[in-house]
Amino acid sequence: MVCFVICPLYILKDCKGNYKMIGDIKDCSGCTLPHQKESYDYIISRYQDVVKAFQLLDNKDTNDKIEAPEGIEDNAG
């Protein structure tokens, strides 16, 4: 069986998982998305969004502008 131990989509606001916000913390304790074999293709399809989200975090103190993928808040500037 193919599944993820941790969710690579945690950084995405629109991950399609069953999460709730507790203040500024994303609580995914009720989510089984990354643990389901059927979710593998969906999660892999979102990897470029995850990469872009991390690029936004890495570049938040520079003048480089990277367009945020859909569902990701650009808090870089």
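This is a predicted model: local features need pLDDT of at least 70, side-chain atom pairs count only at pLDDT 80 or more; totals for chains, interfaces and linings use all residues.
Some totals for the chain. It has 77 residues, and 27% of them count as buried. The accessible surface comes to about 5,700 Å², and carbon and sulfur atoms account for 53% of that. Then the contacts: taking those between residues at least 6 apart in sequence, 52% join residues at least 24 apart. I will go through some individual cases now.

I start with the aromatic rings. How many aromatic pairs are there? The count is one. The partners are Phe4 and Tyr40, with ring centres 5.9 Å apart and planes at 15°; planes under 30 degrees apart count as stacked, so this pair is stacked. Where are the two residues in the chain? Phe4 is in the segment before strand S1, which covers 20-22, while Tyr40 is in helix H1, residues 40-45. The pair therefore ties together parts that are 36 residues apart in sequence. As for accessibility, Phe4 is buried, at a relative accessible area of 16%, and Tyr40 is partly exposed, at 35%.

Phe4 also comes up with Tyr47. Tyr47 belongs to helix H2 and is partly exposed, with 37% relative accessibility. Leaving out residues up to four places away in sequence, Tyr47 touches Phe4 and Pro8. For Tyr47 and Pro8 there is a distance as well: their C-alpha atoms are separated by 7.9 Å, and the two residues are 39 apart along the chain.

Glu38 sits in the loop between strand S2 (25-27) and H1. Is Glu38 buried or exposed? Glu38 is exposed, with a relative accessibility of 68%.

Next, the salt bridges. The whole structure has two. One joins the side chains of Asp14 and Arg46, at 3.0 Å from N to O. Asp14 is in the segment before S1 and Arg46 is in the loop between H1 and helix H2 (47-58), so this bridge ties together parts that are 32 residues apart in sequence. The other joins Asp49 to Arg46, and there the closest N and O atoms are 2.7 Å apart. Arg46 takes part in both, and Asp14, Arg46 and Asp49 are linked in a network of salt bridges. For Arg46 the relative accessibility is 9%; buried means under 20%, so Arg46 qualifies.

Now to Lys26, and its position over two tyrosine rings. The charged end of Lys26 sits over the ring of Tyr10, 5.5 Å from the ring centre. Lys26 also lies over the face of Tyr19, at 4.5 Å from the centre of that ring.

Tyr10 is in the segment before S1. With a relative accessible area of 42%, Tyr10 is partly exposed.

Most residues other than glycine have a negative phi. Lys16 is not a glycine, yet its phi is positive, at about 75°. Lys16 is placed in the segment before S1. Its relative accessible area is 62%, and Lys16 is exposed.

To go back over the main points. The stacked pair is Phe4 with Tyr40. The salt-bridge network consists of Asp14, Arg46 and Asp49. Lys26 is over the rings of Tyr10 and Tyr19. That is the end of my part.

Conventions:
Residues are numbered from 1 along each chain as its sequence is written. Side-chain values use heavy atoms; hydrogens and water are left out. Rings of Phe, Tyr and Trp (its six-membered ring) pair if their centres lie within 6.5 Å; planes under 30 degrees apart count as stacked, over 60 as edge-to-face and the rest as tilted. Helices (H or I, at least four residues) and strands (E, at least two) are DSSP runs, numbered from the N terminus. Buried means under 20% relative accessible area, exposed over 50%, partly exposed in between (1.4 Å probe, protein chains only). A charge sits over a ring if NZ of Lys or CZ of Arg is within 6 Å of the ring centre and within 35 degrees of the ring normal. Contact means heavy atoms within 4.5 Å. Accessible areas come from the Shrake-Rupley method with a 1.4 Å probe; for residues, only the protein chains shown count as cover. A salt bridge is a side-chain nitrogen of Lys or Arg within 4 Å of a carboxyl oxygen of Asp or Glu.
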